[in-house]
Amino acid sequence: MQAFTTLTGLVAPLDRANVDTDAIIPKQFLKSIHRTGFGPYLFDEWRYLDNGEPGQDCTNRPLNQEFVLNHARYQGSQILLTRRNFGCGSSREHAPWALLDYGFRAIIAPSFADIFYNNCLENGILPIVLDEKVVDILFKTIEANPGYRLTIDLTTQTLTTQTGDGLKFAIDAKDKHRLLNGLDSIAMILQHASQIAAYENRRKQKAPWLFQ
């Protein structure tokens with residue numbers, strides 16, 4: 001997966017709490033296990049006025065002009081600002097796949113559903129937890145300032161506003177290491193390939209019948 005170090009990106013405000021994974025990527029799009037191609041269907045039932053289907057060309061679908069991601073000022077956003085308990089519901093990994101394929105590399109919220117949070121880390125998206133009052137201020141600031149951008153530095157665990165204010169955020173050291181180095185779970189395991197091979201060799205000597 002792509003490593004995450006620093007990012008300066010346009011912020012899109014999704015002012016909704018308890019956004020579940022079925023809203024992020026509806027169930028009819030879960031037939032594919034490929035990690036790409038889900039971006040056009042992100043928040044499908046909110047972005048469009050018709051019913052979306054897998055493989056559908058979204059170019060000429062009728063848009064819900066009231067939905068935030070359809071506003072011209074938020075096109076090309078890489079950071080999503082949202083409310084508490086984002087990513088609740090089912091454990092589908094397609095949710096972060098859709099967010100990443102759309103272009104989001106970081107999500108800021110007061111809280112996340114646990115499984116969704118871990119799925120983000122597994123796919124190179126940085127989930128940032130900030131105090132609810134801070135999130136409120138960011139929503140107001142973004143609304144008042146078109147083209148508002150934030151800078152995220154994972155190394156220093158700092159989010160910097162356009163006025164230069166720095167906001168610190170917490171992240172587990174192991175998760176930070178994974179994102180900085182672009183390591184998913186398989187890549188993490190392969191870091192110990194030599195130890196795994198040595199263990200298998202020892203097992204072959206002690207219990208050769210297991211390898212026949």
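## Salt bridges and packing in a predicted model

Asp22 and Arg92 form a salt bridge, with their closest N and O atoms 3.1 Å apart. Asp22 belongs to helix α1 and Arg92 to the loop between β2 and α3, so the pair ties together parts that are 70 residues apart in sequence. (A salt bridge here is a side-chain nitrogen of Lys or Arg within 4 Å of a carboxyl oxygen of Asp or Glu; helices, H or I with at least four residues, and strands, E with at least two, are DSSP runs numbered from the N terminus.) Asp22 is partly exposed at 26% relative accessible area, whereas Arg92 is buried at 15%. Buried stands for under 20% relative accessible area, exposed for over 50%, and partly exposed for what lies in between, using a 1.4 Å probe and protein chains only.

A word on the model itself: it is predicted, so local features need pLDDT of at least 70 and side-chain atom pairs count only at pLDDT 80 or more, while totals for chains, interfaces and linings use all residues. Residues are numbered from 1 along each chain as its sequence is written, and side-chain values use heavy atoms, leaving out hydrogens and water.

The structure holds eight salt bridges, including these:

| Pair | Closest N to O |
|---|---|
| Asp22 and Arg92 | 3.1 Å |
| Glu122 and Arg178 | 2.5 Å |

Let's take the last of these pairs. Elsewhere, Asp15, Arg83 and Asp136 are joined in a network of salt bridges.

Now to helix α3, residues 94-102, where His94, Ala95, Pro96, Trp97, Ala98 and Leu99 are buried. These buried residues pack against α1 (21-24), β2 (79-81), β3 (106-109) and α4 (114-122). Just after α3, Gly103 has a positive phi of about 130 degrees.

And what about the chain as a whole? It has eight helices and seven strands, and 44% of its 212 residues count as buried. Contacts are heavy atoms within 4.5 Å; of those with a separation of 6 or more, 64% come from residues 24 or more positions apart.
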